[in-house]
Each structure stands twice: as structure tokens, then as C-alpha cells.
Amino acid sequence: MPEMTGGQALIRSMHREGAEVVFGLPGVQMYNAIDPILDEPGMRFITVRHEQATAYMADGFTRAGGGTGTAMVVPGPGLLNASAAIGTAYAASSPILVVSGQVQKDLIGKDVGILHEVNDQMDSIRPVTKAAYRVLNAVDVPGAVHEAFRQLRTGRPRPVEIEIPPETLSEVADIDLLEPGDYRRDAASDDDIERAARVLAQAKNPIIWAGGGVISSGASEALLRVAEHLQAPVMTTHEGKGAIPDSHYLSMGTLKSRADEFRNHLSHHDVFLAVGTRFATAMLTHDPQIVQIDVDPDEIGRNYPNNTLGVIGDARASLEKLAVALADAMPPADSKRELLEKLRAGRFGPLRIEPLDSYMKAVRSAIPSDGIFVAGMTQLGYYSRLFYPVEQPGTYLNSSYFGNLGFAWPTALGAKTAQPDRAVVCVSGDGGFLFNSQELATAVQYGINAVVVVFNDHAFGNVMRDQEVRFDGRVIGSQLHNPDFVKLAEAYGARGVLAETPAAVESAISDAVASDDAPTLIEVPFGPVTSPL
């Protein structure tokens with residue numbers, strides 16, 4: 001057996017499993033985990049300026065198709081700082097790896113007040129991870145990494161954490177590395193598929209509800225095949241945008257978070273095929289038959305337990321089998337193109353809001369069809385859920401039900417790291433951007449030339465509007481004092497642009513995407529708007 005440190009075993013094992021980029025912050029407990037990266041060809045370490053950004057960037061990297069994004073942090077405050085971003089990855093079913101330090105082995109659980117101690121740290125991270133492992137001996141490191149990647153690549157994809165004390169990372173031992181696993185997510189059983197096909201074949205007016213699981217499993221082609229055979233319109237969750245092209249006549253888009261009269265139309269459908277979603281946002285007022293495809297058996301019937309037929313399996317593999325079964329069970333349904341195009345035409349018109357609509361069209365026009373758009377928790381981000389057309393899966397990223405301010409910019413940097421040759425643009429509010437504005441330094445240092453469009457209304461605008469409406473104009477805590485964002489970008493060495501109209505925004509994004517030689521911040525002065533939620 002070769003002799004190596006626990007830290008060397010960690011990095012070599014991670015690299016064998018396909019990890020190529022680590023987003024992290026160096027700290028005393030992690031020295032022996034970070035140093036071996038220098039000796040591992042093909043691995044990169046990107047230093048961020050706040051631990052929160054480690055996991056946001058890992059999440060963006062993973063969801064943009066870069067492979068397994070990895071966050072590396074010191075224990076205690078490092079892991080807790082990253083936990084909001086880990087929670088976002090958990091909500092979005094994004095399989096990131098989190099490597100955390102620990103305090104000295106003999107002090108774990110003693111609660112003596114040693115540097116970076118949290119008693120007990122693992123309890124604090126379990127709610128936002130699929131699995132968490134503590135490794136105390138160097139010889140056990142390869143096995144823990146191997147198991148972590150098995151969890152990341154089978155079943156429901158969600159974050160996994162490994163924590164290792166400093167002595168384990170520095171310990172020298174004879175250690176056998178393991179070969180990477182060959183994992184696959186299986187389709188549902190033949191019986192489940194046949195039952196689902198029978199229900200759908202007998203449906204009078206079926207509809208499909210597509211979630212983020214369609215995107216993460218690469219199931220878009222299979223979903224469209226099923227939808228076209230059934231002539232079933234497709235609604236998506238916010239995470240499922242792009243499950244089928246928004247330009248397709250079967251696409252009915254997504255629902256507003258709050259009031260959306262289209263929910264009333266849902267009562268016309270007798271069977272719902274829900275794929276890769278908890279099916280929480282439909283808020284049905286009738287009792288249709290639901291066929292739910294999900295890789296996670298715990299999600300079956302979570303929101304509609306009494307009328308759900310569960311189909312447990314990977315979305316893509318299961319839909320591919322379902323398409324074959326449907327072809328045997330029924331002829332292709334008659335085309336509903338004319339009916340659905342009329343429904344689509346009337347669906348969105350009453351929901352459009354100016355000036356949000358003009359800005360949204362400007363942003364969409366400037367981003368290439370394969371460009372990646374990251375929707376921050378801001379007015380235009382909310383508006384994008386309905387009105388940012390997505391033609392390719394995996395090109396629309398949001399913070400799922402976690403809904404974090406500060407998510408957009410570091411997530412965009414992770415996505416751009418994964419896809420350096422594609423445009424990556426995020427929109428953020430002024431308040432949200434300042435959660436992680438320091439990552440302009442990371443972007444400049446590593447040449448991560450993403451674009452952030454900051455809509456500046458000198459407020460937490462959605463909060464301020466709600467306060468004004470609900471509390472007779474009384475406002476507290478939501479008004480902000482901001483820097484000059486253009487000068488802030490330039491101070492970091494990034495490009496700063498002021499754009500005061502939709503046309504100027506479109507031009508500024510187009511120029512930044514075309515040149516792609518520096519990170520770009522585009523500041524847009526903005527005023528109060530009608531709620532897009």
C-alpha cells in the first residue's frame with residue numbers, strides 16, 4: 001500500500017471520482033487538505049472572499065454541467081457561513097460536495113471552547129445535506145470519499161458533507177485508494193410504468209407538471225416525447241423552466257408565486273403527470289388522478305397523498321420507458337396546437353408589467369440561446385419566472401424554495417467556471433448583490449468573466465412595497481444606502497457600466513458577452529414597481 005497523508009488521500013480520491021475544481025478558503029485546520037491540490041494535475045483551487053460563496057459557486061458549477069462542484073471550508077464559522085448556500089443546493093437538489101474541517105480529534109464533543117468549535121457541528125449541517133460523514137483515521141478517507149460520491153450520484157441528488165480533523169489530514173499511513181464507482185439511476189419498474197401508461201391513456205385531458213428533476217436527470221427529450229404523444233400541455237415549476245422549450249406550443253410556462261388566475265384552469269384536467277417535483281405549487285382545488293415520477297420515494301404523494309400513483313425511478317429512464325408503453329397503449333392523441341396556442345396567447349398578456357417587461361425583453365435579447373441566466377431574488381428575478389423564455393435545459397438557475405438574497409452573483413461565477421465559453425448573466429437587486437459583492441475580487445483574480453446586472457432602487461424593494469401596502473405607508477429597515485456600483489466594480493478591476501434604459505441594458509450585456517475579457521457589473525437605476533409575485 002502506498003504511503004501518504006490523509007489530506008493527500010482526500011484530494012487523490014476526489015480527483016479519481018471526477019472532482020476538478022475546489023472553491024474554498026484556506027484555514028489552519030485545512031492546510032493539509034489544500035496543499036496536496038498543488039500536486040494533483042488537473043485540479044484547481046479557487047479562493048473566494050467569504051465562505052458563503054464556496055457553496056454557491058460549487059452549486060452554480062454543478063448545475064451548469066461542470067461536474068461535482070466542491071466547497072472546502074474550515075469548521076465552525078466556515079461551515080456555518082456556507083450553510084445558507086448548502087441549503088440552497090439542498091432545496092434545488094444540486095449534488096455538491098462539502099469538505100469541512102473539524103477541531104482536534106480528542107476535543108470533538110468536549111465543548112471546551114477550542115478554535116472554530118461547534119458542539120456538535122454535524123448536527124448543524126444534517127438538515128441541509130443528504131448525508132454527512134466524519135472521518136477520524138487517514139486510512140478511512142478513501143472509503144468516505146467513495147461513499148460520498150455514491151450518494152451524490154445515486155438517488156435524489158443533494159449535497160453531501162465530509163468533515164475531517166486536522167490530525168487525520170496530516171497523519172501518514174499506508175492507504176489504498178479506491179477506483180471510482182460506476183453509478184446509474186434506474187428506471188421505474190415495469191409494473192409501475194404499465195400502471196402509469198394505463199392511467200394516462202385513459203385520461204380525457206391530461207397535463208404534465210415538470211420540476212427540477214427533469215433538468216438534473218437530462219429528461220427533456222423524453223418528456224417532450226411523452227407530452228407530444230399525449231398532446232398534454234406542460235407546466236413547469238420555477239426550477240423546471242426549460243424542461244421543454246418555452247417556444248413549443250405545449251409549453252404553458254410556470255405559475256406566479258401568489259395570485260395567478262391560470263390555477264383556475266387546472267381544474268379542467270383530470271390527470272396530472274408530475275415529474276421530478278414535489279408538486280407543491282399547483283395548489284389544486286379539485287381531486288384529479290396524479291401520476292408522480294420521482295427518484296426519491298419519500299416525495300411520492302407528499303402533497304397529495306390520497307390520489308397519487310407513485311412511479312419510483314430516475315426521470316429520464318422512467319420517461320423513456322413510459323414513452324414506449326404509451327405507444328403500445330394508445331395511438332398518438334389528436335393535435336391540440338390550435339387550442340393551446342390560443343390559450344398561451346391569453347395566458348400571459350394580463351400578467352405583464354412595465355417597465356419590468358421591457359427590461360426582461362432586453363436581457364433575454366442580449367443573452368445567446370445557450371447562455372446561462374441566474375435569477376436573483378429581486379423584482380426582475382421574480383418576473384423572469386414567467387417571462388424569461390428558456391429554450392435549453394440547464395440555462396435557467398434560481399434559488400428554489402430557499403429564496404436567498406445574495407445567491408445570484410457567486411452562483412453565476414460558479415456557472416461561468418464550469419462553462420467559460422458560454423455567456424453567464426445574473427440579475428440582482430442592490431440589497432442582494434451587497435451580500436456577496438466582495439466576490440468581484442474572486443472574479444477578477446481568476447478571470448471569471450460573468451456579468452451581473454444590478455437593479456438599484458436603494459431598497460429591499462419588494463419588502464418596502466409590502467410594508468407600504470400592509471402598514472399604511474410605514475417603512476422600516478428596507479431603505480438602503482448604497483455605494484456607486486460602477487466605481488465599486490472598477491475599484492476591484494472589473495468593468496462597470498451605468499445603463500438607464502432597457503436599450504442601454506441590452507447594449508451593455510451584448511458588449512460584455514461579446515468581449516468577455518473582464519467581469520462586468522451593469523448598474524440600472526430603478527424605481528418602485530407593481531409586485532411581480
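Analyst: The protein chain holds 21 helices and 19 strands. Both are DSSP runs numbered from the N terminus: helices are H or I with at least four residues, and strands are E with at least two. This is a predicted model, in which local features need pLDDT of at least 70 and side-chain atom pairs count only at pLDDT 80 or more, while totals for chains, interfaces and linings use all residues. Residues are numbered from 1 along each chain as its sequence is written, and side-chain values use heavy atoms, with hydrogens and water left out.

User: How does the radius of gyration of the protein chain compare with that of a compact globule?

Analyst: The radius is taken over C-alpha atoms, and the globule rule is 2.2 Å times the number of residues to the power 0.38. For 533 residues the rule gives a value near 24 Å, and the protein chain agrees because its own radius of gyration is 24 Å. Along its principal axes, the C-alpha trace spans about 70 × 60 × 45 Å.

User: What share of the residues counts as buried?

Analyst: Buried means under 20% relative accessible area, exposed means over 50%, and partly exposed lies in between (1.4 Å probe, protein chains only). Here 59% of the 533 residues count as buried.

User: In what order do the five strands of the open sheet lie?

Analyst: Two strands pair if DSSP finds at least two bridges between them. The order is 10-9-11-12-13, with parallel pairing. Strand 10 (234-236) and strand 13 (308-312) are the edge strands, each pairing on one side only. Within the sheet, strand 11 (residues 271-275) and strand 12 (residues 289-294) are joined by five bridges, and A274 stands opposite Q292 in strand 12.

User: Which helix lies across strand 11 and strand 12?

Analyst: Angles run from 0 to 180 degrees between N-to-C directions, and axes are lines fitted to C-alpha atoms, for helices over the stretch in contact. Helix 12 (residues 315-329) lies across both strands, at about 130° to strand 12.

User: Where is G155 found, and is G155 buried or partly exposed?

Analyst: G155 is in the loop between helix 6 (141-153) and strand 7 (160-164). G155 counts as partly exposed because its relative accessible area is 27%.

User: Which residues does G155 touch?

Analyst: Contact means heavy atoms within 4.5 Å. Not counting residues up to four places away in sequence, G155 touches K130, R185 and V295.
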